Amino acid sequence: MAGGKIKREKLHRGGGGGAAAASNPHFQGGIPFHKSKGQHILKNPLLVDSIIQKSGIKSTDVILEIGPGTGNLTKKLLEAGKSVIAVELDPRMVLELQRRFQGTPYSSRLKVIQGDVLKCDLPYFDICVANIPYQISSPLTFKLLSHRPLFRCAVIMFQREFAMRLVAQPGDTLYCRLSVNTQLLARVNHLLKVGRNNFRPPPKVDSSVVRIEPRKPLPPVNFKEWDGLVRICFNRKNKTLGSLFRQKTVLSLLEKNYKTLQALQLTSDGFSDDKEITMCVSALGDTLGDLSMNADEGKDDDDEDMEMDDGETKGSDFKDKVLSVLKLGGFEEKRASKLSQADFMHLLSLFNKAGIHFFLITRTF
């Protein structure tokens, strides 16, 4: 409800709207819900209470809610915190929220922003609690993590498989670039599983509530460098790194990058200000489509891949330089699917010490 486009509903005057509501179970207060737009309203009050309790809201908290819908969760948030900022795209839902709380003690503590949360400049908030449209899960996660000043935590309802990717650990089937990038920036914990029948209308899949706590301070890594390395490593997460870094395409990109940096005498130093950090953190979510993300990661190693090294790259000095880094750290026979955050940090450090950098890597991967 907070992202994507909403089509205006044309309801007939007189008894038409009521008749539609009576014949369609996906209505609340006469408002039809669009499943294609991610509009699934929480209808179980016990579940709403559980989410509030697990959020750890303080009475002084400014709370950000994304996609409030008709306000079932909003009411409980207003009871628990100081104020609520609700971002809602659908003008029908905005009117419903305003009607619901108009003339109540909560009206002065509720601010409704009508717009696409992915395009809005978010104000200050202490905590985010939301049941979001699942199609914006990935870009929204990294938009929140790029927000400054950092918030205390976010408690968000995700599609279950996406949630399990967020919390996946090295060796897990769902461990992927999303897992690595998110856990670089935040501590992520699975709070509870939510069945599809807790929503109106029910989605086709189960959901999960996840707690995301931004790391303070952020790890001492250049995020552009990190992203370039991780993209290469997870291009085929079950291949050995020795095999990946022997590929002609990878070697060609790295060597071009290496020569460019040497010519320009650039380094991968830290960031100059919060604005640059925000841009780079947000970019970590680029091309991470929610459940279509990293679709190639599950492919067998026998699948057609980027062209392997041939006569042009065999014996090249740069190829030897790259492989020597892998051998030095004991990474040649290791696979991205089994590497921890510390492993990736160490590998990036070894490459950088050898003068090999990743922050000009294109979006090939």
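Guide: A residue is called buried under 20% relative accessible area, exposed over 50%, and partly exposed in between, with a 1.4 Å probe and protein chains only. This is a predicted model, in which local features need pLDDT of at least 70, side-chain atom pairs count only at pLDDT 80 or more, and totals for chains, interfaces and linings use all residues. Residues are numbered from 1 along each chain as its sequence is written, and side-chain values use heavy atoms, with hydrogens and water left out.

Visitor: Why is Asp61 called buried?
Guide: Asp61 has a relative accessible area of 3%, and buried means under 20%, so Asp61 is buried.

Visitor: What makes the meeting of the Asp61 and Arg152 side chains a salt bridge?
Guide: A salt bridge is a side-chain nitrogen of Lys or Arg within 4 Å of a carboxyl oxygen of Asp or Glu, and here the N to O distance is 2.7 Å. The pair links distant parts of the chain, 91 residues apart.

Visitor: Why does Arg152 count as partly exposed?
Guide: Its relative accessibility is 26%, which falls between the limits for buried and exposed, so Arg152 counts as partly exposed.

Visitor: How do you know that Glu79 forms a salt bridge with Lys76?
Guide: Their closest N and O atoms are 3.9 Å apart, and the rule asks for a distance within 4 Å, so the pair qualifies.

Note on methods. Helices (H or I, at least four residues) and strands (E, at least two) are DSSP runs, numbered from the N terminus.
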